[in-house]
Amino acid sequence: MMMGTTEIVRHAIFGAAPAHSFAGFFANTPQLDVHSKAHGKYRRRSSSFVSRCSVSRMSNNCFRDYRVRNINDRSRSFKCQCQRVDDADGMTSGDANRTWFTESVSQANQILGDLNGQKVISFENGSVMPNNEASNHSSYKTRGNSIEDEAWRLLQDSVVYYCGSPVGTIAAKDPSDSSSNCLNYDQVFIRDFIPSGMAFLLKGEYDIVRNFILHTLQLQSWEKTMDCHSPGQGLMPASFKVRTVPLDGDDSATEEVLDPDFGEAAIGRVAPVDSGLWWIILLRAYGKCSGDLSVQERIDVQTGIKMILKLCLADGFDMFPTLLVTDGSCMIDRRMGIHGHPLEIQALFYSALLSAREMLAPEDGSADLIRALNNRLIALSFHTQEYYWVDKRKLNEIYRYKQEEYSYDAVNKFNIYPDQISPWLVEWMPDKGGYFIGNLQPAHMDFRFFSLGNLWSVVSSLATTHQSHAILDLIEAKWSDLVADMPFKICYPALEGQEWRIITGSDPKNTPWSYHNGGSWPTLLWQLAVACIKMNRPEIAAKAIDVAERRLAADKWPEYYDTKRARFIGKQAHLYQTWSIAGFLVAKLLIEKPDAARNIWNDEDAEIVNALNIMADSNPRRKRGRKVLKKTYIV
């Protein structure tokens, strides 16, 4: 196919891509040869769907031309060439980032400074900073010694720029790290940027979030391959990096490109399943915080939402409404035995479905998608609340399960053996409280407590009101295990001994009570704060923030902490980890202004609750008040 112009409208036509489940991350897709013209030359590329080859936009009187290009015959990236123009029609409204970091409250202005009119210095990774940063550092102590002041300055320092506009924050900016030791921590990760984005939204700094949303959308589903396989349409990248490369035809000039990673370069080649789900959640939060609904109403953004939903809702071999994924497909991105239907993915999936339904424009072409979305919400909610939930009563019920039941009315539907209940859980489960288990598959229940999945189940209303309070009750009851000297345990308990060797493959980074295997992650503070505020129990989050505040700044904002009580900084933890900084800031902001948390959580849906009430009537073990259900749902 030959492109007659330099622009292809991204939302014109999309072919259906096979994407049966995330467990088969890379799917075979038909290849379409496309020539894209740039700087008088034709560059050959292939793509599984029609997309924009060139996008023109203007920001701060800077005309930008984004085109698809191939760097070292390896990756597909967006490039930006800037030139001064008097006028241009841009994709974005307003003056983009002219007011960036200039409209916050006076204290934030003192800390962050005013970037307008300042000269900038270009760095190798494509980011730029004010050239008076050194003087800012020297005078910073006179502006305040609070931890929040330092955190805001560090968050500003982590901002990555693309053609002079902020587009995200790098994972970590540790001065002690050499360029060879930073691995991919100098990239902008979608999941890592979420707390940063929330912090900026709560401070009224909307432009960086808007830029992030639109730039990552442009990176969506470009054909990145590994072993001749390509990701399904709709997949969002795990991360991207701003690179500076020589300009075509002019060795003396350079240009900036956005180079995305869909997991084909990641350690272990993990699939970023959660990226698209977090992107939808952030998009909704942007609209609610800023009041700017024009972004989510754009045709390309609407198309991006639909592509993510179609990928998630595609038919496959799986019998359950939960998403089937590989190990390492979320925040826990190393081998930790979470393959299957991990709770974290299901909670984010539920939240993304609710958020997408809220933002999708009503039109005839979306009717089937919305119908499938509604049916999935009902089934996912029922399945999770009924089969993932454990408390003392449910644990005793599992302990008395009969096995090998063959019937539609079986109580032990997944053929769980009582011996799977670990001795630690019998002693650990409090009389008051409960939680969602980490994973559920035939003949397997992962009884580990995974913090992000449980906290986001509260935030997203995947958990009932009773279950949400029970989760917070358990956190209070097991404070010494889940919080101790630093919030918050990513999972509990750690895998040890032979179990650690078999499940992790003797992973030297995930040793017991370290990293993903029972390590403590300060970034989880913000999810805890949202959950506690939603349930009108902010004192729990405030107590955890007080614990973190004693050490975080002194310890140089580490990525995670080791040992059972989180006494040591993680043995391989990067310092000045951006989402540790941002997670703390969001938690502090929400405690100060709890009403703002309403822009993040999902309210309980009346129709879903109504449907679950009807379903519960057919379950002899759970009785709720009967209500008339106007629709029929298949679970």
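Strand β10 (residues 165-169) is mostly covered in this predicted model, with five of its five residues buried. Its partner is strand β9 (residues 159-162), which runs antiparallel to β10 and is joined to it by four bridges. Within this pairing, Tyr-162 stands opposite Ser-165 in β10. Two residues lie between the strands of the β9 and β10 hairpin, where Cys-163 adopts a positive phi near 55°.

The axes of α4 and α5 come within 9 Å and cross at roughly 150°. Angles over 145 degrees count as roughly antiparallel, and α4 and α5 are therefore roughly antiparallel to each other. The residues that meet are listed below.

| Helix | Residue range | Residues in the contact |
|---|---|---|
| α4 | residues 190-202 | Ile-190, Phe-193, Gly-197, Phe-200, Leu-201 |
| α5 | residues 207-219 | Ile-208, Val-209, Phe-212, Thr-216 |

By class, the contact of α4 with α5 comprises seven nonpolar residues, two polar residues and no charged residues.

Aromatic rings form a further topic. A pair of such rings is described by the distance of the centres and the angle of the planes. The count comes to 21 aromatic pairs in the model. In one of them, the ring centres of Trp-389 and Phe-436 are 5.2 Å apart and the planes stand at 75°, so the pair is edge-to-face. This pair links distant parts of the chain, as Trp-389 belongs to strand β15 (residues 389-391) and Phe-436 to strand β16 (residues 434-436), 47 residues apart. Both Trp-389 and Phe-436 are buried. Ring pairs also link Trp-424, Trp-428, Tyr-435, Phe-449, Tyr-492 and Trp-513 into a cluster.

Key: Residues numbered from 1 in each chain as written. Predicted model: local features only at pLDDT ≥ 70, side-chain atom pairs only at ≥ 80, totals over all residues. Heavy atoms only, no water. Buried < 20%, exposed > 50% of the residue type's maximum accessible area, 1.4 Å probe, protein only. Pairing = 2+ DSSP bridges. Axes fitted to C-alpha atoms, helices over the stretch in contact; angles between N-to-C directions. Parallel < 35°, antiparallel > 145°, perpendicular 65-115°, else oblique. Contact = heavy atoms within 4.5 Å. Nonpolar A, V, L, I, M, F, W, Y, C, P; charged D, E, K, R; others polar. Phe/Tyr/Trp six-rings, centres within 6.5 Å; stacked < 30°, edge-to-face > 60°.
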